[in-house]
Structures are given as C-alpha cells and as structure tokens.
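We will visit a few helices in turn.

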Amino acid sequence: MYLNCKTWFSLRYGTISTSQLVGLAKEYGITSLALTNINATTDAWVFVRECREQQIKPVLGLECRNGNAFCYILLAQDMEGWLQINRFLSAHLMNGTPFPATAPYLAHTFVIYAWGARDPETLAPHELAGIRPREINKLFRTDTKRYADKLVILQPLTFQDAGQHQLHCVLRAIDNNLLISQLPPEETAGTDERFITPYQLLEHFKAHPHIVRNTLLVMEQCEIDFTFGRQLNKKYFTGSREADRERLRALALEGMERRYTAPAKREAARERIEKELRIIDQANFNAYFLITWDIVRYARHRGFFYVGRGSGANSIIAYCLEITNVDPIKLDLYFERFLNPHRTAPPDFDIDFSWADRDQVIDYIFKRHGEEHTALLGTISTFQTNAIVRELGKVYGLPRQEIDKILENPYQVKLGGDPVHQRIITFGTMLANKKHAFPNHLSIHAGGILISEAPIHQYCTTYMPPKGFSTAQMDMHIAESAGLHKFDILSQRGLGHIRDSLDIIRRNKGVEIDIHDVEHFMEDENVRNALRTVDTIGCFYIESPAMRQLLKKLACDDYITLVAASSIIRPGVAQAGMMRQYVHNFHAPEKVEYLHPIMKKLLGETYGVMVYQEDVIKVAHHYADLELADADTLRRAMGGKYRGEDNFGKIEQLFFDNCAKLGRPEAVSREVWRQIASFANFSFSKAHSASFAVESYQSLYLKTYYPAEFMVAVINNFGGFYNRELYFRELEKTGVHIFPPCINNSSYLTDIRGNEVFTGFIHVDSLEEAWIKKVLEDRERDGPFTGFENFVEREAPAPAQLEILIRIGAFNFSGYTKKELLWKSSALLKHAAADELHPRLFREPSRDWELPDLAYHRHEDAFEEIALLGFPLCSPFEVLDHDQRHYLPGAQFAQHLGRNICTLGYLVCLKHVYTSKNEPMCFGTFLDREGTFMDTVHFPASLRQYPFQKSGFYILEGKIIEEFGVFTLDVERMRKIGYFEDKPVETGAMRNSLSL
C-alpha cells in the first residue's frame with residue numbers, strides 16, 4: 001500500500017535514510033514497499049538489498065517533478081520497466097527539459113497521477129489515479145467501483161513525524177536560499193506526508209476495499225528480478241572469453257620479452273605470468289585487464305604521459321602490458337594483495353594523467369565503449385559541520401559577521417545558549433550524524449568510470465554536470481554493491497609538471513630526455529644528493545613539510561627507503577605512532593623488538609612496523625590464520641571501503657577467536673590488532689607507494705638538472721602542495737631573471753627563454769582572460785607593439801584593463817614610468833580610433849606630452865605586484881622596511897640546539913592538528929631572508945596566546961628542538977609585523993624584541 005516513499009536521496013526534501021525506511025516497514029509488518037524518490041534513483045540498489053534482507057518485497061519507481069510541481073509517479077513492473085524509467089529520467093536531466101504533463105508510454109511501467117489530474121475515463125491500461133487519505137471525501141460523487149482497476153492508495157512518505165517535518169522545512173529553506181520565515185507553503189510537503197501505520201491506512205479506506213485490493217494487485221505485478229554478486233562490467237573485450245584469454249596471454253608474453261631481457265629473470269617472470277593468467281581467467285577478469293591496456297595504449301599513441309598505480313601494480317601482467325612501471329619481482333610485491341582466488345571484485349588500477357590530457361582519454365573511453373554503456377561515477381556529498389552552521393545561520397537570519405565569528409576557528413565551532421544557536425545545534429546534529437551522514441548534493445567521483453555489459457540505464461540514472469560527460473546518479477559503494485566496478489582515470493598535476501617540463505626543456509635547451517629511464521635516475525649521484533638534502537620543492541609527493549622532514553630523518557637517498565616513506569607518511573601509519581617507531585627502528589635495527597617470532601619473518605623489511613596494506617594481509621593471514629579472502633576484506637575495511645557495515649566487526653571477532661585457538665598471547669594479539677585498526681585512515685599498498693616513488697624520481701631528476709624549466713612547468717600547472725608564490729621563490733633561486741608580465745614578451749602562461757622568465761598574464765588579478773588572449777593573438781598576427789601609443793591604437797583597451805597592464809609593468813619597455821603612462825592613457829583613450837573593420841591608412845605622429853616630474857619610491861612596483869599578483873616578484877625581504885640584521889637565520893638552528901633564539905620568518909604554510917586532549921595546535925613552515933626553510937611547532941598554550949593573523953612576516957621566539965636530525969623552533973612567543981615596521985631589535989633581551 002506504500003507506493004510513494006521517499007528517502008533523504010530526495011535531496012534537501014526527504015528526511016528518512018534508506019535503512020530507516022526499511023526498518024519502519026519491518027517494524028510494522030509491511031511486506032511490500034515502493035521507493036519513489038524525487039527525480040533520483042540513487043539508492044535503488046541499497047533499498048532492494050535491505051528490503052530483501054528483511055523479507056520485504058521491493059518496488060522501484062520515481063516521483064517526477066518540475067521544480068516543486070508534482071507531475072506523476074512511475075513504477076517499474078520489471079527490469080525492463082526500470083530501464084525505461086532510468087532512460088526517461090536521464091533524458092530529462094541531460095537535456096534540462098521539463099517533464100511533459102502526460103507521461104509518455106514507457107513499456108513495463110505503471111503511471112500514477114494525482115487525483116483530479118486526469119479523468120479516470122481517459123486513463124490508459126497502465127495508468128492509475130492515486131487517492132490520498134485526505135482526498136477520500138472528494139470521492140463522494142464518484143462511482144469508485146466503476147474505476148476499481150484504476151484507483152490506488154497514494155500516501156506520500158517524506159518524513160517520520162512532526163519533528164522530522166521541521167527538519168524537512170529547514171532543508172527546503174536551505175535549498176531555496178530563504179529565511180525559514182519566508183519559505184512559501186507550496187515549497188514544503190504537507191504535515192500529512194508522514195508515516196502512517198498499515199492499520200491507520202486501512203481505516204482511512206475501509207469504505208473502499210476495492211481501492212485497497214487494486215493497490216495490492218499493482219504491487220504484486222511489480223517484480224525486480226536482480227541478483228547481487230554478479231559482475232555487471234563489460235564481459236568481453238574481443239567478443240568472447242576465449243579470445244580475451246588468448247589476447248591477454250599474447251600481450252603478456254610479448255611484454256615480458258621487452259621488460260625482462262636477462263634469461264634468469266625471464267624464467268622467474270614467466271612462472272609468475274602463468275600463475276597470474278590462471279587466476280585472472282578463473283575470476284573472469286581478462287576483459288578488465290584488456291580494457292585498461294587499451295586505455296593506456298591510446299594514451300601512448302597520443303603521447304600522453306601517465307602513471308599506473310593501485311593494487312594492480314602488484315601484477316606482473318600489468319607491468320608487462322605497460323599499465324604500470326613497477327617491477328613486482330624486483331620489489332617482492334605481494335601477489336595476493338592484487339588478486340587471490342577468493343576475490344570477487346576486480347583489482348584496482350589507478351591511471352593518472354595530466355589534467356590537460358585526461359578529458360581526451362575519457363572522451364576516447366566513451367566513444368570506444370559507447371555512451372549507452374559508459375558513465376562517469378558519481379559521489380554523494382554530505383552535510384559537513386562548517387557548511388551546516390553557515391547554511392542554518394542563513395536560514396535563521398544570523399548576520400554574516402556573527403556566522404563568521406562562530407566559525408572564526410574552524411577547529412573549534414562556538415555556539416552558545418541563544419535560541420537561534422540552539423536550533424542550529426538541534427538541526428545541525430540531525431544533519432551531521434557521524435554514523436549516518438546526511439546527503440546534500442550529488443557530485444563527480446575523482447576519476448571513476450563505469451563500463452557496463454548491459455545498457456548503463458539498466459542500473460542507474462545519468463545526468464550531465466558541467467564536466468560534460470554523462471555521470472551516474474550513484475557512488476562507488478552503491479555501484480560496487482550492485483556489481484559495477486569502476487576504472488579509475490585520474491587527474492594529477494604532478495604529471496603535468498613532468499609533461500610540460502619535457503616540452504620546455506626541449507624548447508629552451510634543445511635536449512630530449514627519456515623520462516622512463518628511471519633506473520638511471522635512481523643511481524644518479526646528484527639526484528641522490530637532492531633527495532638527501534630534501535631539495536624537493538615542486539616534486540611529486542615529496543615536497544610537503546611533513547614529507548621533507550621524514551626524508552631528512554631517514555637520510556633517504558635510495559628507492560626502497562623512498563617507497564617506505566611514501567606509505568608511512570600516510571595518516572593511518574603516522575597517527576598511530578608507527579611512523580615515529582619506524583624511524584626509530586630504521587636508525588637502530590639491531591634493537592628492534594618484534595611482537596612475535598612470526599612478525600620478524602613477516603616484517604623484517606620494515607623493521608617490525610606494518611607499513612603497507614600488504615603487511616596487514618600477511619599478518620592477518622599468517623599470525624591469525626585468516627583466509628586470504630577475509631584478510632582482503634579486512635584490508636578493504638581499513639581503507640574505508642566498508643564504512644558503516646558489519647564486516648570490520650565480524651572479522652575482528654574472527655581474528656581474536658583464531659588467535660585464541662592458535663595459542664597466541666592475548667596481549668600480543670591485542671597490540672597486533674591495534675596496529676591493524678590504526679590503518680583505518682588509509683595506508684598505501686606497496687605497489688602504490690612504489691609507483692609514487694617512480695614519479696617522484698622523475699620529477700626530482702628534472703628539477704636537479706633543469707631547475708628553472710621544471711619550476712616554470714610547476715607554475716604553469718598551478719603549483720602543487722604550496723601556493724604559487726613559493727614556486728616563484730624557488731624559481732628565483734635558480735638564478736634566472738624574472739620579469740613582470742610584458743605586453744611584447746609574455747604569453748598567457750609563464751615562459752622561459754634562455755635565462756629570462758616572463759611572468760604569464762594568467763596570474764594577473766582582474767585581467768579579462770578572453771580580452772588578453774585576443775591581444776596576444778593580435779600580437780602574434782601583426783607583430784610586437786612599437787610602443788604604448790601603438791598598443792592603445794591597435795587594441796582600444798577598456799580603461800580598467802589598460803590600467804591593470806600599466807600597473808603590473810606590461811609597458812616597461814616603452815621608457816615611461818607607470819605614473820607617466822597612467823597620465824598619458826586618459827588622453828590617448830579619448831582619441832583611440834582603432835577599428836578592425838576600418839583601419840587607418842595613415843598614422844598620426846605621437847604627441848609629445850608635457851608631464852610634470854612625478855615622485856617614485858623603490859617599493860612601488862613590489863606593492864603593485866602584491867595587489868595584482870598576490871606577491872612581489874622580488875624577495876619580500878627586499879621590500880620589508882625593518883632592521884633584519886640581528887635575527888638568527890634558519891641555517892644556524894643546528895648550532896643553537898636547546899637554546900632560545902629569535903628569528904624572522906615569512907609564512908609559507910600551516911598545518912592545524914589536534915592533541916590527544918582535543919586541543920588545537922599547529923605546525924608552521926617559514927622562509928628566512930636567505931630562502932632557507934624554517935619549521936616551527938605551536939603547542940596549544942602558545943597558539944592560544946599568539947594566534948596567526950594570515951600571511952606575512954612574523955618575529956618568532958622559542959627554543960630549538962631536534963628529532964633525528966630535523967631542527968624545529970618550538971615557538972613560545974610570536975608577533976606579526978607589516979612591511980613598514982622598522983622597530984630595532986634589542987639583541988641583549990630577546991623578550992623585549994617582540995614588543996608584545
């Protein structure tokens with residue numbers, strides 16, 4: 001009888017989770033239930049699975065609305081009907097067209113109209129009229145028995161109770177960006193759209209049992225024949241399983257000949273290839289490998305640089321097919337992490353492309369496999385704390401200043417006893433429930449693509465986001481539960497750095513580099529030295545302050561250590577204290593105490609510490625005798641892929657039961673489990689870390705030998721970990737001459753010619769992109785501008801745009817100062833007559849303007865650059881009007897270990913964290929006047945008393961501390977200073993120097 005149930009996937013409308021809806025039905029003995037979300041089918045398969053678990057018959061459907069106007073409900077009679085509904089909704093969403101007033105005929109579906117929308121006489125065989133309990137009195141003059149096969153009960157279910165109705169109204173206000181007091185009644189559901197028990201519903205219709213019977217009959221005619229646990233991905237690449245198997249085998253052996261030239265290595269490689277081919281075929285994953293191979297083959301054909309990673313990098317087949325560039329034999333990669341006979345899901349292949357190339361690869365995939373079978377994977381964005389406070393604050397009319405005050409410290413949201421604040425707390429708690437995150441809107445997965453055997457609309461609706469590719473209305477977890485497994489085609493700026501570096505080096509130096517000669521890079525002494533001295537700014541994955549500190553602590557200068565560092569920097573390892581333990585054990589391997597003799601055998605390479613996901617699988621399998629399938633489930637659970645499910649808890653119990661049977665010491669088992677559980681915040685597989693390390697070496701080689709060209713590539717790919725200013729600071733260190741944007745020499749992106757770098761116009765704030773690109777095209781076609789007047793005459797710029805170009809220094813070549821140019825521009829613009837359709841036959845000579853003497857200060861250019869670029873092109877310390885002679889430089893920290901010092905730093909970045917007592921603290925990174933990095937730590941007491949005040953210069957006082965060769969300033973006092981704050985330092989009394 002429940003034909004119109006909505007969950008919270010009727011976004012910003014419904015308030016019931018899918019589980020709660022099914023739970024309500026189970027509680028009240030309801031045996032059949034229809035899910036009809038508004039213009040969405042997101043949780044259809046979650047609903048079907050949960051209904052079946054509770055012995056409830058699921059019916060799938062859709063509520064069609066144009067804006068807030070109800071049109072009709074569609075119910076799928078079977079899987080064909082579900083396909084038709086998804087196609088119908090997808091066409092509406094993709095084209096942005098309204099639903100027609102009368103639903104078109106869709107095979108194997110029912111259509112339910114609201115009572116009064118259609119004359120029952122005109123209804124087609126598949127069309128019905130829905131009667132709401134409140135509308136029964138409208139049937140007084142209608143012979144309902146005459147239309148007994150056309151009438152059904154239509155009791156909408158949008159929220160559970162009156163309290164949830166208030167939440168529904170809040171969601172509608174958020175969706176409409178209105179104050180709650182201004183929300184029109186037509187934007188909300190009626191208070192009667194709550195759950196009504198079967199008894200109450202039957203009471204409403206006791207005078208019309210034929211309507212009840214017809215409702216039940218309609219539900220009986222709907223049957224979703226869907227089997228979970230099947231593989232729904234494209235079955236075959238070549239057309240048959242046998243042909244796929246032979247094609248994959250041929251490609252693998254062909255690749256083995258290229259990859260393994262030494263006979264001894266080839267023998268071991270062939271043995272592993274045969275083993276993998278058997279398991280891949282048994283699991284029916286041949287097509288999955290071939291589709292991935294086809295993608296990277298296309299990329300190589302187009303000259304696109306890519307990196308293959310993920311658990312698939314554990315596979316020698318992937319290595320031979322050039323999907324990955326990591327030799328699993330050399331690194332002794334654990335094959336079962338990649339694939340084992342018990343695994344039902346395909347392995348993970350993450351293929352990274354430059355952001356500039358990825359869309360072309362995605363376009364190829366859609367064309368290769370057909371839009372009927374292909375879609376980008378969606379994600380479900382949930383309400384987050386800060387956004388909730390901001391949205392609810394607006395709904396309840398809080399001024400922006402008050403909302404900003406509440407969120408002043410994003411790590412400590414402060415709400416008081418004010419009635420409005422209490423409402424924010426009440427509804428915010430409902431929306432931010434950690435166990436059941438409340439959906440807010442749909443988005444696009446970082447790189448997942450679905451390729452299905454049946455039409456994609458058999459399983460989901462698709463829509464067209466601004467990205468321009470058809471996107472599924474479901475996320476990875478829902479897709480996987482249904483049997484659809486993604487291909488990951490990811491975008492990574494680090495590859496853009498490498499790709500563009502190669503082009504710039506070729507153009508500026510005339511040198512061709514084989515970027516795949518990674519073995520040579522790893523052995524190069526200059527590269528090893530750069531790694532040892534952490535000269536890694538701009539290099540993929542090894543440039544962040546935390547990673548640079550870790551590399552220094554490990555004195556890292558080789559591949560194996562870098563692979564380990566790439567994994568232990570991850571939160572799961574670091575937050576559990578295992579990163580610190582690894583570093584300690586690394587420096588004293590002879591003192592390592594293993595938890596158990598088995599652990600020494602399993603973790604000898606990583607000094608007794610679980611570093612990789614493979615380590616967890618090995619420990620769970622060999623220490624606790626878990627089956628590999630269970631160990632892999634544990635690995636997926638610790639990676640966050642089974643959040644909210646019971647798998648983790650079940651395996652935890654199995655782990656301890658097995659340990660007890662094996663006679664393992666309970667205390668040891670609990671510590672082993674603690675280390676396993678700590679990986680819940682994502683660790684890496686060893687193959688993944690190895691792939692990252694390869695890319696790190698490639699970028700480090702380019703930076704070591706071609707630092708200026710490399711840094712220009714980093715800047716043109718919009719940086720990496722840091723903001724763009726730091727990369728300009730690094731570029732300055734290479735000794736090149738950096739010019740501001742020049743109208744005759746600069747391009748839209750930053751360009752290097754010889755030893756001269758011309759800043760790109762892309763960095764200039766408020767400069768119109770389309771206009772400046774047209775100017776550059778005109779310059780390319782008609783030649784450089786001969787002077788300021790010539791530019792104004794040819795381009796007739798808008799006054800505001802011309803002023804920006806003058807202020808940034810684009811006409812420095814003209815011989816006039818900026819003030820003189822600003823003076824001239826006003827009169828020139830009045831007489832400018834450049835017209836592409838009516839060019840002048842003769843040019844008037846330039847007028848010799850009489851200009852007064854205009855004062856100039858040496859800091860003016862720098863402050864114009866700060867205003868328009870966000871930073872000065874020269875060192876900010878050159879601009880600072882402050883006595884800088886008496887501050888300790890970062891290079892001398894080691895000589896003052898344990899002593900209090902005072903230094904002057906230019907803020908680079910901050911990392912905020914919480915202590916074990918949930919108090920905020922942070923780590924800082926600064927530059928000194930020599931360009932040396934200085935690391936700082938600000939414990940809670942210090943941070944409370946001396947909070948940061950955005951970017952700029954800070955006088956820092958504190959004690960130098962050290963850990964494994966990394967020196968850090970423990971900040972006790974701090975003061976921010978402006979560019980013009982020349983306060984002398986009292987060298988004899990540091991505390992007075994801060995003038996606090």
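Contact here means heavy atoms within 4.5 Å. Keep in mind that this model is predicted.

**Stop one: helix α3.** Select residues 79–95. The helix has 17 residues, which at 1.5 Å a residue should span 24 Å; the end C-alpha atoms are 24 Å apart, so the two agree. Now show side chains. Buried residues of α3 include M79, W82, L83, I85, F88 and L89. Which elements cover them? Among them are α2 (44–53), β3 (57–66), β4 (69–76), β5 (109–114) and β12 (462–463).

Look at the ends next. D78 caps the N-terminal end of α3, with a side-chain oxygen 3.1 Å from the backbone nitrogen of E80. After α3 comes G96, with a positive phi near 70 degrees.

**Stop two: helix α2.** Select residues 44–53. A44, W45, F47, V48, E50 and C51 are buried in this helix. The cover over the buried residues of α2 includes α1 (18–27), β2 (32–35), β3, α3 and α16 (476–482). Step on to Q55, which follows α2 and has a positive phi near 55 degrees.

**Stop three: a helix pair.** Select α17 (residues 493–509) and α29 (residues 686–705). At what angle do they pack? The angle is about 35 degrees, and the axes are 10 Å apart. The crossing of α17 past α29 is left-handed. Show side chains at the contact. From α17, pick G494, L495, I498, S501, L502 and I505; from α29, pick E695, Q698, S699 and L702. By class, this contact has five nonpolar, four polar and one charged residues.

How values were computed
Residues numbered from 1 in each chain as written. Predicted model: local features only at pLDDT ≥ 70, side-chain atom pairs only at ≥ 80, totals over all residues. Heavy atoms only, no water. Axes fitted to C-alpha atoms, helices over the stretch in contact; angles between N-to-C directions. Helix = DSSP H or I, 4+ residues; strand = E, 2+ residues; numbered from the N terminus. Left-handed = near helix turned anticlockwise from the far one by under 90°. Nonpolar A, V, L, I, M, F, W, Y, C, P; charged D, E, K, R; others polar. Expected span 1.5 Å × (residues − 1). Buried < 20%, exposed > 50% of the residue type's maximum accessible area, 1.4 Å probe, protein only. Polar contact = N/O pair within 3.5 Å; in protein donor to acceptor, adjacent residues only side chain to side chain.
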